[in-house]
Number of protein chains: 2
Amino acid sequence: MAQPTRSVTLDAAGRHAPPDPLDPAAARRRLATPERLREFFAPRSIALVGASDSSGWGRFVVDSLRTAGFTGALRPVHPKHPTAFDLPTVPSLRALDAPVDLAYVFAPTHAVESVLDDAAAAGVRNAVVLASGYGDGGDAQGRELERRLVEQAVARDITLLGPNCLGFVNAAASVAPFGLGIVPPLRRGPVGIVLQSGALTSNVLAFARVHQVGISLLTSMGNEAVITTADVVEHLIADDDCEVIGLFLESVRDAPRFTALAAAAMAAGKPIVALKVGRTEAGQRTALAHTGALAGDDAVVDAAFRQYGVIRVKSLEELLVTCGLMGSGQVPSGRRVGVVTASGGACDIIADRSTDEGVEIVEFAPATTAALRAVLPPFAAAQNPLDVTGVILADRGSAQSALGDVALNAVVDDPGVDFVFNMLALPQAEPPDPSVVERRVAEVAATTARSRVPVVNFTATCTDLSPYAQSLLDRHGLHALGGIEFGLTAIGHALTWHETRLAPPAVGAGTAATAPPGLPSGPWSEARGRDLLAASGVPLVPAELVIDADAAVAAALAFGGPVALKICSAEITHKSDIGGVALGVSGADEVRTAFGRVLAAGRAATSAIDGVLVSPMRAPATELFVGVTVDPSFGPVLAVGLGGVFIEVLHDVALRLLPVDPGQVRRMLGELRGAAVLGGARGTRPADLDRVSEVVAGVAAAAAGLGPALQTLEINPLRVDGGDVEALDVLVVTASS
Amino acid sequence: MAQPTRSVTLDAAGRHAPPDPLDPAAARRRLATPERLREFFAPRSIALVGASDSSGWGRFVVDSLRTAGFTGALRPVHPKHPTAFDLPTVPSLRALDAPVDLAYVFAPTHAVESVLDDAAAAGVRNAVVLASGYGDGGDAQGRELERRLVEQAVARDITLLGPNCLGFVNAAASVAPFGLGIVPPLRRGPVGIVLQSGALTSNVLAFARVHQVGISLLTSMGNEAVITTADVVEHLIADDDCEVIGLFLESVRDAPRFTALAAAAMAAGKPIVALKVGRTEAGQRTALAHTGALAGDDAVVDAAFRQYGVIRVKSLEELLVTCGLMGSGQVPSGRRVGVVTASGGACDIIADRSTDEGVEIVEFAPATTAALRAVLPPFAAAQNPLDVTGVILADRGSAQSALGDVALNAVVDDPGVDFVFNMLALPQAEPPDPSVVERRVAEVAATTARSRVPVVNFTATCTDLSPYAQSLLDRHGLHALGGIEFGLTAIGHALTWHETRLAPPAVGAGTAATAPPGLPSGPWSEARGRDLLAASGVPLVPAELVIDADAAVAAALAFGGPVALKICSAEITHKSDIGGVALGVSGADEVRTAFGRVLAAGRAATSAIDGVLVSPMRAPATELFVGVTVDPSFGPVLAVGLGGVFIEVLHDVALRLLPVDPGQVRRMLGELRGAAVLGGARGTRPADLDRVSEVVAGVAAAAAGLGPALQTLEINPLRVDGGDVEALDVLVVTASS
């Protein structure tokens, strides 16, 4: 029985709990604590072990260190060549006069073990291992090699990044032992990046470089034999140089720890932006080939990210533009925008894209409109989104030159906007007379500084910001997003992140730590399932469990009106299929006959019959499906959907990890494509959403109470008629632990 | 009654039909024929009228002409200044010694009329008018000014672009009388661009410049007083310099002409890629403020574009990357891809994005796998998508340097792929030793040249292609798409375009030219509607129109089983609401009673009763909604949807303009989100889609036969039970013309 919540070793606030000294995983974790990683990622001396002048990787590492401005000691180690990279070598790490802070191991796979022995003997505590052919190869031999590598690291107390890893770039500390080229300049800044792919590093750095996205630490994770992605995320949450965390994920390896870290990052105000691949079957197949890790159900990953405020993106551009916004100091937290551009066409595009992102283009207040009318040319409309028109370009020497400034100032002062989206036209190179653009940028900076609301600058399309444009923006502390398209996507993410932060999810184990005693292994009888839910306060349609026809008739008469009869047995989960259900039965004779028929059908299937459940029939109303299942990675997951075609044809289901509260359930209901049905769209009474949310949260609590024994708890349907909410059918399945 | 199809003046093949000499719109159109526009856009002499040295616009035009390499005569015209732009002026166009090919009119609004008089007197046939304050101002005075401007242009035989327009850039003819800066170099190429926004021009050119997108002609349309967007599109279809047409549209002004042109472009093999704003309410409001043109129903615009193969995009980047692909000579026409990269992470992203775009990542054939195994490092997987791994970067001098070439050659030879998606890493600047990258690019070009299938190159992210990278690609005739994200979006568009081209839509008037005689003005009785459909071969549930109870009983007995009774009157369109329907009526007595009740309900509402329709009841089955309505812009539109929540809650409807054929209807059914219902997802018999398509096309034909009188024809529901398809309820509304 999967007990994924057991591996969480962060407490609710995301603090690192002391690992169990007898647990091998815990021993490995001791090598990758935030304290160890702070040391690991900031070496002041580095040995390059096994790289000669002819090694492309070695050359890349030396070049990257130079690009990063590394001023520490560089000690080439090679058994044969007397020099490497114009420096004298020593034949082995043991021959160093003093231990280095980090060994970058270029040695081939078969030689790595002996290099690590040398490292330990020389007092080296940290190593990057480049070699492949471990777990990455997908064969048993490689996996065994990797197991031994970890054992050795633990035994020698060596913190190890890799194997099959290119290293890292710590721009904040000016050190980049990294095995691919870095096109200078390396921009330092607030974004920490963790990549479960080495080759993407170049692409990430290349895009970041031309979009003013500064990096604190970037790591290529390789096989994560010792240091894992989660370890680096935990380090980044603690690292003052990092304000935003960007991830490229092929798999979420320890899901409960990941969600706990996500909650901790949220609490710390550090957004996590993740490009998690495997959204599709083809993507999962591809990632599997690279990682050997089976991807879980992507719908669960997606729900977990949404729940814990992890911003999920679909492209590298979206990843970096979003990180850039979140680290810019001008992050919107309300959905009402004022837009300032010099292009009507841009306004049109922005209006459509704003709607896509749930951003509202409000009407300007009368004072704003008046201020704009005073400066705009007569043919321009003083409205939101604002086009100050091309006169600001053509009439540079005239009174119109300040039009853009006046307009921006008027819009930031509008009392109805939560932020301003301001289009900048930035030159490729320094113009012959830079005073115009310099003055304009200075004015934007001054307006931003005095503004009550964030001012988010953007360019029209996603083109590179030239070195001149970046230096101009940097001098004034401004950031510009790469184009309307990615810019508004990033803004949508920022707003959702902020809203999640205002109503953070419950954190903690998804289920009770232990199962109540005496649970069956397998499905429960419906009567027993009903007792469980009733104990959690979940309202159920009344039902009487009867064992003879007379009692059935008495129950039916007591309920009044037509009744339903259902066979009750732990062995029969699909009652209708075997004829174990009779619906709309009226009058003593009919009840008696139906009882006999239902019971006979049950007996034909099994001897373990508890009896027959008699319930009053209910009029048609809105029906929900509510179920809790256990995801192999993320643990217990609550699913809520509308019945009928919504679930059967459209697979329209909202998911959340446990624990959930009624507020989370309320949001789930709002995510359903068929949400309008709950509002009464089909002529039914509008559902009392607070009541429904409370009941569904109660169902989740009942499931959680089953602890690690939980397999399935399902109510199908939960009948909703205004404020009347009742479970009509219950299925519980547990496994003995 | 709107008769939008009347204004089509292209025949089915998109040829320009001779305009009616008495029609004022036709008189204007004579100024903007492809012949006139060919002359208009390629002037060899240009007068700049009313611009002095202090005019920013004038300076921009002179600079743009220089950037475009204009070598013709430039004649400044100014009443006061003796020189302008270092050239001697003449005081008026009348003072020119010979007529110029084009006058660029900088004069203010009030002076334009007299300049055009001068132009006509001087024999100038073409003018660009920059001034605003015409229809763009939104006031009656401006609209009257614009009407007079058109009248003057027609009277003086002057082809006019604008007013409120920046001009155009004809890169193919090296002439760019354009009133904004163009950052050099201006790249010429196969893409013709028409923008209903002047300011976006700079953004479009800036992005095109760094993404290897070459322009033939780019125009800023302004108010379209004389030359319209459709005129330029028609010109581009005829223009050999143009292979792809890119549009930025705020409104589709003459929808039937636009769809006819789209069909003509498709027939000519020239894709149209359009960023049409107004997808959302906010976008429509914004565009309205800029254009004064009311946007139509965006769902109809979207359907029309899909139907006629116009590729609709959402961003400027998507517009230009898609145009770049379509003009690259390497356009995929099948959905099976082979992917070659040097990054596992890129493979993951590509796999997910391919699925989004309906691109299938097939398994490589055994021969391909074998060829790859022979060169790949042992730890790399010889699979699709292919990661040749970073060794090609690090081991440049080794045997691995040809790995990428061998891999690409193996994949283009795979018999199972329709195209290859090949990731290129291109340097920012010429490297110290350019031989490696030069050889690699030459090899890609050689492989592409000999390949059976298109090879689509792309970079990892949407960063600028440096001048060096572009010259490298250009020398080898290669094109690279800007990033995985936009690259795969563009490929998805190309595939859909190709598929539409294989099954082109019917072209022609949406309805008959004239209405049949004697149609009512308003709703029809259901019996009459049934007759119309029956005449078009649409199957209907049997029904007998009876006028007394005995006849009702006789009809019911003849049908056998329970029947439905419905009041039949042209005055009663919502029969149920007034109690005019009885369902599931069995036996003579019940029929008699129900007849009396239904008739009495009808009589309480109106005296114009045709009788009562008696029909057999049908068992529950899949229900479709089929309706034809008339869009004010696009004319008759067919809507098909599933009944119940699909249409009421999800608004899940597929639309097509008339005419449609059964093939189009079949595709409509596939577009429905609930399409699985027709496949039998809910336990019903799978629908015979051919039969359903044939019946729905018959409904559309019946509607079309009503000609300009058509207002609404609706079948709700059309009952579908396997191959049994029957209209159960019919509503027809016509207007007397």
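# Two chains and their contact: questions on a predicted model

Biologist: In this predicted model, how far apart are the closest N and O atoms of the salt bridge between A:Asp356 and B:Arg279?
Modeller: A:Asp356 is in chain A and B:Arg279 is in chain B, and the two form a salt bridge. Side chains of opposite charge can pair when their charged atoms come close. The cut-off for a salt bridge is 4 Å, and the closest N and O atoms of this pair are apart by 2.8 Å.

Biologist: How many salt bridges does the rule find across the interface of chain B and chain A?
Modeller: The pair A:Asp356 and B:Arg279 is a salt bridge between the chains. Over all chains the structure holds 86 salt bridges. Across the interface of chain B and chain A, the number found is two.

Biologist: Which helix gives the largest share of the side of chain B that touches chain A?
Modeller: Between the two chains, 17 residue pairs are in polar contact. On the chain B side, the largest share is eleven residues, and these come from residues 344-356, helix H12.

Biologist: How do the residues on that side of chain B divide into nonpolar, polar and charged?
Modeller: The contact takes 78 residues from chain B and 78 residues from chain A. The buried area is about 5,900 Å², with 62% of it on carbon and sulfur atoms. By residue, the side of chain B divides into 37 nonpolar, 22 polar and 19 charged.

Biologist: Why do the copies meet through the same surface?
Modeller: The reasoning compares the interface residues of the two chains. The copies meet through the same surface because the interface residues of chain B are also interface residues in chain A, at a share of 100%.

Biologist: How many residues apart in sequence are the parts tied together by A:Asp231 and A:Arg257?
Modeller: The side chains of A:Asp231 and A:Arg257 meet in a salt bridge, 2.8 Å from N to O. A:Asp231 lies in helix H7 and A:Arg257 in helix H8 of chain A, so the pair ties together parts whose separation in sequence is 26 residues.

Biologist: Where is A:Pro185, which a cis peptide bond joins to A:Pro184?
Modeller: Most residues other than glycine have a negative phi, and most peptide bonds are trans. The bond between A:Pro184 and A:Pro185 is cis, with omega about 0°. A:Pro185 lies between strand E8 and strand E9 of chain A, in the loop.

Biologist: In which strand is A:Pro717?
Modeller: A cis peptide bond joins A:Asn716 and A:Pro717, with omega about 10°. The place of A:Pro717 is within residues 710-721 of chain A, strand E28.

Methods:
Residues numbered from 1 in each chain as written. Chains lettered and ligands numbered in written order. Predicted model: local features only at pLDDT ≥ 70, side-chain atom pairs only at ≥ 80, totals over all residues. Heavy atoms only, no water. Contact = heavy atoms within 4.5 Å. Buried area = accessible area lost by both parts, 1.4 Å probe. Polar contact = N/O pair within 3.5 Å; in protein donor to acceptor, adjacent residues only side chain to side chain. Helix = DSSP H or I, 4+ residues; strand = E, 2+ residues; numbered from the N terminus. Nonpolar A, V, L, I, M, F, W, Y, C, P; charged D, E, K, R; others polar.
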